[in-house]
Every structure is written in structure tokens, then in C-alpha cells.
Amino acid sequence: MAWSKPVINKISTDIKDLTIYLRTIKKWGKSTLFRDVILEKYGDPSYGVSISCGKEKGEKLLDNLNQTRIQTYKDAIELKNWLVQTKGKEHNIEIISFDTVDELVPIFEKETIRVSNIENPQKKARTINGAMGGYQEGQRYTANELIKTYMDDLQEAGFGIWAISHTKFKNIKEKGGLEEDGYMQLTSNLVSAYEAAFGDIFDVTLTGVIDRDVEEKEVTIGEKTKIKRYATDSVRKLYFRGTPLIDAGGRFAFGAVPEYMVFDKPDMAKDFIRVIEEGMEKSKTNFSKKPGKASGKTKTSTETTDEEITDDTDGIPATEEPENNIDNLEDEDTGSITGNEEVSYPDNLKGTIRKMFKDCKDKKLKAEVKGIIAGYGKLDDCDNETLKNVYDKLK
């Protein structure tokens, strides 16, 4: 049969069972981190393999790295078949890294163009934009039919997968969002179709940055004095959870991993593995408070524990409860405040919130509201209680 009977899922606490989408600025240390993780985890470089894609050559100064290269779609298929069919026979590879998917995507795009030209010989495409009839159908085919299928085959064979990529600031425009003009965020340099493909099928999306301390100095040039900014110090950070400025997140339970970890040593593999595997352990339900009867007291945001909130999207908690006390309880059915005056909300709550957000001058408050809504993806997906909460904050 094509389907299998349902079974109760149990969370693994081994990093090899996780798929990791790692994006950073250039020369951050992505390939080095993968090499170090394999050596730390297994003590043997043959348990991992770094697949250099296309023109990417990031292995020249990496000793003890098990490495190969693919340059065509045929190479990719032959390598996948070898990995799957000879596992435990010709190799003992547990974790695979594609370095980088920026270079992997064009390889798959060429296959899409080839298939498109076979299916439509009267209208041959020369670029991915013209493939499969155009209108981004070529990109969708590449993402959904080729990339997702390829990665899924490797996952089903029991491999852990890393997809390494680079970052870029983009103007993010979300349907149903608060700002029509969007907002700037550090995310992948891939186009949306491919970014969504990796973001959808991988368990965690990690984003590496370099924070720099900047000092301003007056500099005299001729008769003019100018203010120049100089970087005086820097620190590498790897984000596990998203912020208004940085796109990141995963399927860890909320609070199971930190917002970011600082990379302040030459070899951070041991610390990285610890954070990941502890996060997997803390995502188990036995780390969460079991559901029970209502206590008759509304929990404030300061009382909410990390283990009681799970986050399956971008690591941002879904909502913050407004502060209440035992004499000021919110009635779940009516939305009124027991013992006090009734609170009424506008009929078009979403539209009102959008207008209030646009008129709000408090940048800190706007960032807080964005964080709440980001937990749901967009404003249109927020539940009624969260909408009321956002309305109360902006009021």
C-alpha cells in the first residue's frame, strides 16, 4: 500500500537526524562548522561528506574534510544513487552537506529547461524564466519536482542533510501583512521559490551574522570636518530564532534553543552540537507542562514558561498575554473583563489594527507587535484573542 499506518512520533536527540539550512554572509565559517561537527561527533571525517556544487570551491583550506563535487544534474542523480544504494557497504556517511545551494539551484534549473524543451518542442526555452510556459512555472517545477524530491529521497534513506547558502538583505512583503511597502530583513540570497523549498523541507533555518562595534571619529580633510565610522570589534553570531531584522527559525519547542549563540572560539562544534541536541531533547512533550483544568487564574507574560509554548515556524512566540491579576480576569466566551467595565472591539479588527500600526510612532512598540504576528506568519492568520491583544497594545 502507498500509505502506512499511523504511529506515535518520538523525537530523536541526535543531530544527524536533523536537516539544517545554514545561511550566512561570505567567509563566516559555514564549511568549517560542518567539518568540525563531523570530527567532533564521530572522530572520523568519513562519516560526513561535503558536496561542492557547480563553481563553489570552499574546501581548499579545509583539512580532514570528506569531499566530492557535482557539476551537472546527471552527477547529482548518480551521487544520490550511490549514497543510498551503497550505504553501509562502500561508505559509512551519516550527514551530507551541499555547499552551496546557490550553485546547486542552477544545476537543477538546467534540468528543468531540458525537460521543458522535450515537452514543448515548438516553444523551446533558453532560460528558467521561459521554461514550463513561463510565469515562474519553471522555478516552481525546479523547487517542487526536482529539489524537494531529491532532498526527500536522501532523508528517507536516513541521511542528515545540511544546505549551505549565503545571505542578503531583502524587502519582505507579506500578503495580509501590516506594511504595504514591506520591511528589510536579512534572509537568503535565493529567489522566493527556492528559499521556500529549503525553508519548507528543512527542520531548522539558521542565520549567521557578524556584529560589529562601530566608533565615530571626526576627520579633517582640508578645511572640512567629517564624521567617519570605524569598526573597532566584531563577533560572529548564529541565530536560531528570528527577529524583525534577521530571518531564522525552526521546529524546536519555544525556549528549547537560545535566540542566538556567539561563536567566540576557533572550534565551536562541541557547543553547537550541545545546543542542537539539547534543543531536540527539550522539544519532547515530557519537558512540557501536561494539559490540565484551568486554575481560575490568567497567566501573565512573565509567568509563561518556555516549555508551555511550542513554535513550529520561526521561533517567535505566538502571543503575549496582557497582564492580569486574580481580580481582573478575562472571560473567554465574551471577551469582557469580569468585575470591571466591558471592553468592546471594532468589527473590522484587522483593518483597524493595520491603520493603528501605520499611525504608530513608537518604533519599539511596532517591533513588539511585528514579533507577535510573526509567530503566526501574517496578520490574517492570527486568532481572535491575538488580534485583541495587538489591538490593546496599539490602543
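Student: Which residues are linked with Lys 265 in a network of salt bridges?
Tutor: Asp 271, Arg 274 and Glu 278 are linked with Lys 265 in that network. A salt bridge here is a side-chain nitrogen of Lys or Arg within 4 Å of a carboxyl oxygen of Asp or Glu. Keep in mind that this is a predicted model, where local features need pLDDT of at least 70 and side-chain atom pairs count only at pLDDT 80 or more, while totals for chains, interfaces and linings use all residues. Residues are numbered from 1 along each chain as its sequence is written, and side-chain values use heavy atoms, with hydrogens and water left out.

Student: How far apart are the closest N and O atoms of Arg 274 and Asp 271?
Tutor: They sit 3.9 Å apart. Both residues belong to helix H6 (residues 269-282), and because they are three residues apart there, about one helical turn separates them. Helices are DSSP runs of H or I with at least four residues, strands are E runs of at least two, and both are numbered from the N terminus.

Student: Is Asp 271 buried or exposed?
Tutor: Buried, at a relative accessible area of 18%. Arg 274 counts as partly exposed at 41%. The cut-offs are under 20% relative accessible area for buried, over 50% for exposed and partly exposed in between, with a 1.4 Å probe and protein chains only.

Student: What about Arg 114, which side chain does it meet in a salt bridge?
Tutor: That of Glu 111, at 2.8 Å from N to O. They are three residues apart in helix H3 (residues 101-119), so about one helical turn lies between them. Glu 111 is buried at 11%, and Arg 114 is partly exposed at 44%.

Student: And which residue forms a salt bridge with Asp 36?
Tutor: Arg 35, with the closest N and O atoms 2.6 Å apart. Asp 36 is buried at 10%, and Arg 35 is buried too, at 15%.

Student: How many salt bridges does the structure hold?
Tutor: The count is 19.

Student: Switching topic, how many disulfides are there?
Tutor: Zero, taking a disulfide as a pair of cysteine sulfur atoms within 2.5 Å. As for the cysteines, Cys 53 is buried at 0% relative accessibility, and Cys 360 is buried at 15%.

Student: OK, helix packing. At what angle do H2 and H4 cross?
Tutor: Roughly 20°, with the axes of H2 (residues 73-85) and H4 (residues 137-156) coming within 10 Å. That makes the two helices roughly parallel. Axes are lines fitted to C-alpha atoms, for helices over the stretch in contact, and angles run from 0 to 180 degrees between N-to-C directions. Under 35 degrees counts as roughly parallel, over 145 as roughly antiparallel, 65 to 115 as roughly perpendicular, and the rest as oblique.

Student: Which residues of H4 make the contact?
Tutor: Leu 146, Tyr 150, Asp 153 and Leu 154 do, facing H2 residues that include Tyr 73, Ile 77 and Val 84. Contact means heavy atoms within 4.5 Å.

Student: How do H8 and H9 pack?
Tutor: At about 180°, with the axes of H8 (residues 363-374) and H9 (residues 384-394) 11 Å apart. That makes them roughly antiparallel. Among the residues that meet are Leu 365 and Ile 372 in H8, and Val 390 and Leu 394 in H9.

Student: Last one: where is Ser 97 found?
Tutor: In strand S4 (residues 95-99). Ser 97 is buried, at 1%. Leaving aside neighbours within four places in sequence, its contacts include Phe 34, Val 49, Trp 162 and Ile 164.
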